[in-house]
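Please read it with the sequence and the model side by side.

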Amino acid sequence: MTRNNVAMRSVAWPATRLAIACGWVFVQFASGLVAGTITGTVNDAQTGTKLPSMIVAAYGTAGSLQATATTDSAGHYSLSLPGGTFRLLAYDNAALYATTFAGDAESFETSPSVSGDQTNYNFALIKGGTAGGIVLGGGHSLAAITVAAYNLSGTRRSFTTTAAGGTYSMVLPPGTYKFVAFDNGTLYLPSFYSDQATFESATAVLVQSQRTVGLDFSLHLAVHIAGTVSDAQTHLPLPGFIVSAYTAQGALVATTVSDGLGRYQLILPDGTFLLLVGDPAHVYATAYFAGANSFAQTPGLTLAPGQSRDGITIEAERGGTVAGHITANGARVCCMTVSAYNADGTLRAQTLTDGNGAYGLLLPAGDFRIGAFDGMLAYAPQFYAAAKTFHAATPLSVSRSVTTGSVDFALEHAARVTGRVADQATGLPIASVVVGAYDSEGNLAATGSSSSSGAYSLGVAPGTYRFVAFDPALSYSSAYPGLTTTFEDSPAYDLVADTTRSVDFTLVRGTRVSGTAVDQSGTPLSGIEVGALSANRGRAATTSTRSGAFDLILAPGVYRLVASDPRGRFLTMYFNGAWVFGNATPVTVSTSGSSSGSVAFILLPQMRRHSAGH
């Protein structure tokens, strides 16, 4: 029996002693016990002709081969089986007919279980088409690479392995499939046809009866990140924890589970990745690589093709819980988002309320601000306790293994803002641009993100707001309504509950200005706000440092840059070591993308004042 026509890669291939008599193949089992016999016929599905020399195989439900039989000249077979239930399939060693699973199922996994005492089971085989080609890696043919065909539903239909020259061939019933080639040795990354990273993006391929379709693959070297997950207090290994790798934009790339010794390994494409660890038992709070307190502050690991990073330990803390209920119009409401934020405004954890309006957030020990949000925008965002913005929220102290209850919210009706984000030069919509609403004191109250059509929407409590659109992908400079160029010059909108206001934006492509912010000892500072000011001191753009680095996207012009600490730890400083706006060194941004000088800030700590005698 060849692997070409078998649907499960996990199928075992035990050594059996075969006795051949009168064209029948019988299997002698190690136990010597036989509980039942299944007989039947194998026919051509189109003509009904009985098919000799076809193989019928029985597998245990876990995928281990239990018995095989070969049909005689009349297409009959007989399988002697031990006790239990089995999955059956029939295939053609000559590779003219495609494998058929019991019940004419689309895959091994979805085929029905058959009892060992069932007396009759027939198969109808379909003449198949062939998918074949070559698998290359680094321009060289690759042997022992698995190539698998999947039904469009995601179930596996068949698989094979490449020969010494990298070639493969498999027979499939007529239909449409997606194909993947992967290396069991994990030296190379899996590749879906044609050169796609996921099943969803793979090209669907039509296979026709008695025809051959050529499908070649070119595999790329994988990168490996390995290490352990451990308890932050005891440093003991933590098995069964989920380790995930994300891009900096928040796209999940790969996940794995730590083993009994807390060890894990991630197989990834080359690039920069952020690692986090989750506890399925919800005892430990989500942990980030390098002890970061949020996804946004997690340092990235950058690896080139074929590179490995070992010994990456991630420590998790036992968490405490913040719990409460959310009501609206006096009734508890389902499916509201509840988020916990660090002091620097970065997101620490998030959950949804249940059908009774209840929620629970698992957090490490520390102080957090809690906010509640309605994804349908019927109700305005609210921070604990009854605050409209993050800045005005009351911090909550969380202790390890302690539940802080009655952190409740009573949401109010929202004013809604909708609009469109477009490229100023082309008029085309821009996706994934974030629009922020700021109250009269300049505090962020709510955000929305543009769709592929450029449309966005957000909800806020009734009040007066200004709006800004900024591009997380760092291609476009920040934009304000009415073609104004700074936050202070932009129009203020008075918004009323249960009404909708339209606010549109047009963005221009900008130039990236990068820099750093450190303390006197050279330690990188996170969460420092860096702003670009116009000649009239209006804010054209702002950003925050991450591990001491920042990027601003600015339209061509002349700016003065300023760095300030929202947490009040450091003094505000202008570039280049200036204390006041007028002495700051101007930074010229040209259309070529260059900027003048190196934009670096060295911040001094705030000096505590003491009362003096008279």
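1. Phe 505 is buried, because its relative accessible area is 1% and the cut-off for buried is under 20%. This is a value from a predicted model, as are the others in this note. Tyr 456 is buried as well, with a relative accessible area of 4%.

2. Tyr 341 is buried, with a relative accessible area of 16%.

3. Tyr 456 and Phe 505 also form an aromatic pair, and this one is tilted: the centres are 6.1 Å apart and the angle between the planes is 55°. Tyr 456 is in strand β42 (residues 455-460) and Phe 505 in strand β46 (residues 505-507), so the pair ties together parts that are 49 residues apart in sequence.

4. Two arginines sit over aromatic rings. Arg 466 lies over the face of Phe 487, at 6.0 Å from the ring centre. The charged end of Arg 560 is placed over the ring of Phe 581, 5.1 Å from the centre of that ring.

5. How many salt bridges does a search of the whole structure find? The search finds four. Among them, Glu 488 pairs with Arg 539, where the closest N and O atoms are 2.8 Å apart. Glu 488 is in the loop between β43 (463-470) and β44 (493-495) and Arg 539 in strand β49 (residues 539-544), so the pair ties together parts that are 51 residues apart in sequence. Glu 488 is partly exposed at 34% relative accessible area, and Arg 539 is partly exposed at 30%.

6. Another salt bridge links Arg 569 and Asp 565, with 2.9 Å between the closest N and O atoms. Arg 569 counts as partly exposed at 31% relative accessibility, whereas Asp 565 counts as buried at 8%. Asp 259 and Arg 263 form a salt bridge too, and their closest N and O atoms are 2.9 Å apart.

7. Asp 423, in strand β39 (residues 415-423), is buried but has no salt bridge. Why does Asp 423 have no salt bridge? The nearest side chain of opposite charge, Arg 509, is 4.2 Å away, and a salt bridge needs the nitrogen within 4 Å of the carboxyl oxygen. A polar atom of the Asp 423 side chain does lie 2.7 Å from the backbone nitrogen of Ala 425. Beyond its neighbours up to four places away in sequence, Asp 423 touches Leu 428, Ile 430, Tyr 476, Leu 507 and Arg 509.

8. Phe 192 lies in strand β17 (residues 191-192) and is buried, with a relative accessible area of 13%. Setting aside neighbours within four places in sequence, its contacts include Phe 179, Phe 199 and Phe 217.

Note on methods
Residues are numbered from 1 along each chain as its sequence is written. This is a predicted model: local features need pLDDT of at least 70, side-chain atom pairs count only at pLDDT 80 or more; totals for chains, interfaces and linings use all residues. Side-chain values use heavy atoms; hydrogens and water are left out. Helices (H or I, at least four residues) and strands (E, at least two) are DSSP runs, numbered from the N terminus. Buried means under 20% relative accessible area, exposed over 50%, partly exposed in between (1.4 Å probe, protein chains only). Lys and Arg count as positive and Asp and Glu as negative; His and the chain ends are not counted. A polar contact is a pair of N or O atoms within 3.5 Å; within protein, one must be able to donate a hydrogen and the other to accept it, and residues adjacent in sequence count only if both atoms are side-chain atoms. Contact means heavy atoms within 4.5 Å. Rings of Phe, Tyr and Trp (its six-membered ring) pair if their centres lie within 6.5 Å; planes under 30 degrees apart count as stacked, over 60 as edge-to-face and the rest as tilted. A charge sits over a ring if NZ of Lys or CZ of Arg is within 6 Å of the ring centre and within 35 degrees of the ring normal.
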